[in-house]
Amino acid sequence: MRKLAGKNILITGASQGLGREMALRFAREGAAGLSLVARHVDELNKVRDQVQKIAPKIEIVVIEADVSKPRDIERIVASTLAQFKGHLDVLVNNASTIGPSPMPNLLDYPVEDFRNVLDTNLIGPFLLIKSALPAMIEGGGSIINVTSDAGQVGYPGWGAYGISKFGLEGMSQTWASELEETDLRVNWVDPGSMSTAMHRAAEPEEDPNEWANPADVTDIFVFLASDESKGVTGKRFQAQEDWKAEISQDSDKGLNKEED
Ligand SMILES: NC(=O)c1ccc[n+]([C@@H]2O[C@H](COP(=O)([O-])OP(=O)(O)OC[C@H]3O[C@@H](n4cnc5c(N)ncnc54)[C@H](OP(=O)(O)O)[C@@H]3O)[C@@H](O)[C@H]2O)c1
């Protein structure tokens, strides 16, 4: 049995980079349905075609939407639930913007850009979780928020982006504690440096060959989306570190919920 058999999964930012690689990997792992969200529908359609080659029977919904817009969030969740007959197992909040490139210091940061980064990277995920939660809570399921090391260290120049990820990490912790009595788990993952459009825009002077291929960091996302991670909640993972050792240490100490 493949790890994601029967799972319906919503991925934001699925048109390129990590989101696209997650869609392809989830299809290989037997997902029943994928809801793919981004602003550029032509790119999303290309991903849909690639997914269908891997898994001809998978149900796919392509949603052209902007996660920084509350009205789009309602449409994302309504279209997803309509396609999947009200049954959503996994929500991956992956869509993100780096903000203006080159990245200004806070003193020079235009307030409209600052707001847009927070709306996309923090308020969008907040509203998506709020809106999808009622459909997910009964069957348990998994919320995965994609963060960054810039969400733990205030690097100069990474202002609005880093602040949005600090917020996302705090919000993830709070959701996890508030949902502790339920079977719904909330975890967040730093994928580490990857060669993607976002990273190239953030550090144009660096060599992208030094960064991981996003296709190579998807194992942790499969784990968190699958039933193997039942009972694991409120945790931060680093995709390019030895996260498996951390899970087994927690398990040895009886720290995972299902082992209480
Ligand atoms: N790359 C890295 O080294 C790195 C490191 C740490 C963390 N991360 C995190 O990893 C995640 C994926 O990043 P990536 O590097 O794969 O970025 P990417 O290649 O730039 O892809 C970003 C995705 O988000 C979508 N998106 C952006 N703004 C959106 C909006 N307002 N509404 C809907 N979709 C939107 C984009 O599609 P459209 O343009 O079509 O909307 C695209 O599909 C992000 O959360 C990022 O913060 C990346």
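## Helix 3 and helix 4

Helix 3 (residues 70-83) packs against helix 4 (residues 111-136) at an angle of about 30 degrees, and their axes lie 10 Å apart. The model is predicted. The crossing of this pair is right-handed.

Helix 3 contributes Pro70, Ile73, Ile76, Val77 and Leu81 to the contact. From helix 4 come Gly124, Leu127, Leu128, Ser131, Ala132 and Ala135. By class, the contact of helix 3 with helix 4 has nine nonpolar residues, two polar and no charged.

## Helix 1 and helix 2

Two packed helices are described by the angle between their axes and the distance between the axes. For helix 1 (residues 17-28) and helix 2 (residues 41-54), the axes come within 9 Å and cross at roughly 20 degrees. Angles under 35 degrees count as roughly parallel, so helix 1 and helix 2 are roughly parallel to each other. Their crossing is right-handed.

Which residues of helix 1 meet helix 2? They are Arg20, Ala23, Leu24, Ala27 and Arg28. On the helix 2 side, Val47, Gln50, Val51 and Ile54 take part. The contact of helix 1 with helix 2 divides into six nonpolar residues, one polar and two charged.

## The second largest pocket

The second largest pocket has a volume of about 200 Å³. Its lining consists of 13 residues. Nearest the centre of the pocket lie Glu180, Thr233, Gly234, Leu255 and Lys257.

How does the lining of the second largest pocket split by class, and how many residues are charged? Five are charged, five are polar and three are nonpolar.

How values were computed: Residues are numbered from 1 along each chain as its sequence is written. This is a predicted model: local features need pLDDT of at least 70, side-chain atom pairs count only at pLDDT 80 or more; totals for chains, interfaces and linings use all residues. Side-chain values use heavy atoms; hydrogens and water are left out. On a 1 Å grid over the protein atoms alone, a cavity is a set of points where a 1.4 Å probe fits but cannot get out, and a pocket is an open set with protein on both sides within 12 Å along at least five of seven lines; lining residues have an atom within 4 Å of a point. Grid points are joined across faces, edges and corners, and a volume is the space filled by probe spheres set on the points. Ala, Val, Leu, Ile, Met, Phe, Trp, Tyr, Cys and Pro count as nonpolar, Asp, Glu, Lys and Arg as charged, and the others, Gly among them, as polar. Axes are lines fitted to C-alpha atoms, for helices over the stretch in contact, and angles run from 0 to 180 degrees between N-to-C directions. Helices (H or I, at least four residues) and strands (E, at least two) are DSSP runs, numbered from the N terminus. Angles under 35 degrees count as roughly parallel, over 145 as roughly antiparallel, 65 to 115 as roughly perpendicular and the rest as oblique. A crossing is left-handed if the near helix is turned anticlockwise from the far one by less than a right angle, and right-handed if clockwise. Contact means heavy atoms within 4.5 Å.
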